[in-house]
Amino acid sequence: MKTVNNQHEIEWKDVWTLAEQKGERLHPVSFELLGRGRSLADARGSRLCTVIIGSGVNREDLSELIERGADVVYLVDDPRLANFLVEPYAKILGLLIESYHPEIMIAAATTTGRTVMPYLSAKIRAGLTADCTGLEIEPETGLLLQTRPAIGGNILATIKTPNARPQMATVRPKSTRIPERQPGRAGEIKRIELTEDIFASRVAFERYVPDAEGASSIEEADIVIAGGAGVKTAEGFDPINQLAECLRGAVGASRPCVDHGWQPYAHQVGLSGKTVSPRLYMACGISGAIQHLAGIQTAESIIAINTDPNASIFQLADLGIVGNMFDVLPELIEKIKAIQSSGNR
Amino acid sequence: MKIIVPIKQVPETSKVKMDPVSGTMIRTGVESIINPLDLYAIETAIRLKEKHGGTITVISMGPPQTMKAIREAIAMGCDGGVLLSDKAFGGADTWATAYTLTLGVRKLGGADLILCGERATDGDTGQVGPGLASMLDLPLVTYVGKLELAGSGKFLAERLVEGGREIVSVAAPVLMTVVKEIGVPRLPTLRGILRAKETEIPVWGPADLEADSTLIGLNGSPTRVVRIHHPQVTRTGEKIVIKEQSNVEKAAQSIIDFMKQRNIL
């Protein structure tokens, strides 16, 4: 097992983030990470660097990375890197780490980040903390304090990586705001040249099949409208779909809905589904089993509509409506449409 | 086809209630079960075996009572199992766990396919599967929602990623992590339970694995938990009760007001 660690003579410095390309542009989470990274780099008095691995990376996106806080952008751009493949991605990051020795490296807890980061950290014997909701520098030691929920969000654990470098962490998307853009901010773009052997991958990308048009993924949506057992049928999701559509949100579902086949698994929220942190989570007809609550605890706002005044979902709601979703939702949709068509906020 | 399924024993969270005062989980008297997300890996392995033949071995690292989880997996249809158990393995983070499982898998002679659950419902990291692939120098396919062995002898896997599905192909040996969409796990059969009782399950410690003592358990873990706290998970929101149909409009308006106030609308 190759290890770049226990090398105290090496000076590990700088904070790195991993940007992600989505289609032709950068995934917004790339900019969210800069917010996290900037405060860590400032606390360490070091530089903030971003690595992009992709194909045909947009020039405008590069300057946006700098204007939102990156001091250095390491650009790895090759047509063969258009699609995520864990082996070349991990090899590239491993090489960059060996060359530049970042002391901290953070990536988004997306399917890409949660695949490449553990694959990489295992190889280089670095500590990695998954799905952090809080990152800060411990003043006395300069070490990265990584806070993450575990056991369905019922405990918060703070984790440190005393010796191994870099200190690696993935960060939950949507858990930070994108930092303000500072037009004209200076930074350096370093294009990284690669040798042929880097591109070898035993897994071959065949094709990508996007979900039905208009459907946005629940982890990335700002607004998630979710239905539970109280929805009763697949057709019961109609008002939920309509509301999600007019708010440009995504549709979520509790486990019973998925088990009954009313919604596909990709929409399941909770311990055996997805963890979501939208700006608004609206739970309709969801009683709030602990596994479901575990998946929504980090939502910024929660509205619950349920006929049962004692439903546990109300324990977690910022606004609770005791009533029938089939009464409330049509009324709500009508009101929102009226506001939208009148054009005022 | 030789398949290995690494599993983890976790507390049964569905039986857990929330303490209404502290807003935290009441964990006393909670039973241990196979990590629910590992059941999908076991199910996938059994389906592949039914179609293409082969053997399935489950492997787990944990305290002696983890034996129960291994027997349950055998009762579902796996052929055998091995438990990696020793005090020295205790306190392992995901790196040290992946390392220990790597040694276990090597001692088993490797596999054509290693199937893992997406993550465990207690630690919730999803890092051990990818770490194991990396240490075994195997290709890795994560978030697999559909898997078949094509005529070419290659696996065709569908990855559930943000906003869509990625179809990839890969030849054995390979490690994959599967998600719930892959199929409904079967229940153990009576015959399976009897067979599981009779199956001898070896227990391997650090010496059996020729483990480097600086790389296992807490000692071998690059990360350290320095603080645990129980967050207050409850929120104190306003509650509006719709007593009659005429209240519906008011309730809808209060949602609008709430959204405006929080700049969501």
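# Chains A and B: questions and answers

Me: Which strands pair with β12(B), and how many bridges join strand β9 of chain B to β12(B)?
Reply: In this predicted model, strand β8 (residues 113-117) of chain B runs parallel to β12(B), and 5 bridges join the two. Strand β9 (residues 140-149) of chain B also runs parallel to β12(B). The number of bridges between β9 and β12(B) is 3.

Me: In β12(B), what is the bridge partner of L115(B)?
Reply: Strand β8 of chain B covers residues 113-117 and is joined to β12(B) by bridges. For L115(B), the partner in β12(B) is M176(B).

Me: How far apart do the C-alpha centres of domain 1 and domain 2 of chain B lie?
Reply: The domain assignment of chain B gives domain 1 as 2-209 and domain 2 as 235-265. The C-alpha atoms of chain B fill a box of roughly 70 × 45 × 40 Å along the principal axes. Between the C-alpha centres of the two domains the distance is 45 Å.

Me: Which element gives the most to the side of chain B that touches chain A?
Reply: Contact between the chains involves 74 residues of chain B and 77 residues of chain A. Several elements of chain B each supply at least two residues to this side, among them α3 (94-107), β9 and β14 (224-229). The residues on this side divide into 38 nonpolar, 22 polar and 14 charged. With 10 residues, the element that gives the most is α7(B).

Me: Which residue of β15(B) does L319(A) stand opposite?
Reply: Strand β18 (residues 319-322) of chain A is joined to β15(B) by 4 bridges. These two strands run parallel. L319(A) stands opposite E238(B).

Me: What do the buried residues of α8(A) pack against in chain B?
Reply: The buried residues of α8(A) are M325(A), D327(A), V328(A), L329(A) and L332(A). Within chain A they pack against α5 (238-246), β16 (280-284), β17 (301-306) and β18. From chain B, the element they pack against is α7.

Me: What distance separates the end C-alpha atoms of helix α8 of chain A?
Reply: Helix α8 of chain A has 18 residues, so at 1.5 Å a residue it should span 26 Å. Just after the helix, G343(A) takes a positive phi of about 75°.

Me: Is E24(A) buried or exposed?
Reply: E24(A) is found in the loop between β2 (21-22) and β3 (25-26) of chain A. Leaving aside its neighbours within four places in sequence, E24(A) is in contact with G56(A) and N58(A). Because 12 other C-beta atoms lie within 10 Å, E24(A) is exposed.

Me: How far apart in space are E24(A) and D78(A)?
Reply: In sequence, E24(A) and D78(A) are 54 residues apart. In space, C-alpha to C-alpha, the distance is 13 Å.

Definitions and conventions:
Residues are numbered from 1 along each chain as its sequence is written. Chains are lettered from A and ligands numbered from 1 in the order in which they are written. This is a predicted model: local features need pLDDT of at least 70, side-chain atom pairs count only at pLDDT 80 or more; totals for chains, interfaces and linings use all residues. Two strands pair if DSSP finds at least two bridges between them. Two residues are in contact if their C-beta atoms, placed from the backbone, lie within 7 Å. Ala, Val, Leu, Ile, Met, Phe, Trp, Tyr, Cys and Pro count as nonpolar, Asp, Glu, Lys and Arg as charged, and the others, Gly among them, as polar. Domain bounds come from an automatic or database domain assignment. A residue is buried if 20 or more other C-beta atoms lie within 10 Å of its own, exposed if 12 or fewer, and partly exposed in between; C-beta atoms are placed from the backbone. The expected span of a helix is 1.5 Å times one less than its number of residues.
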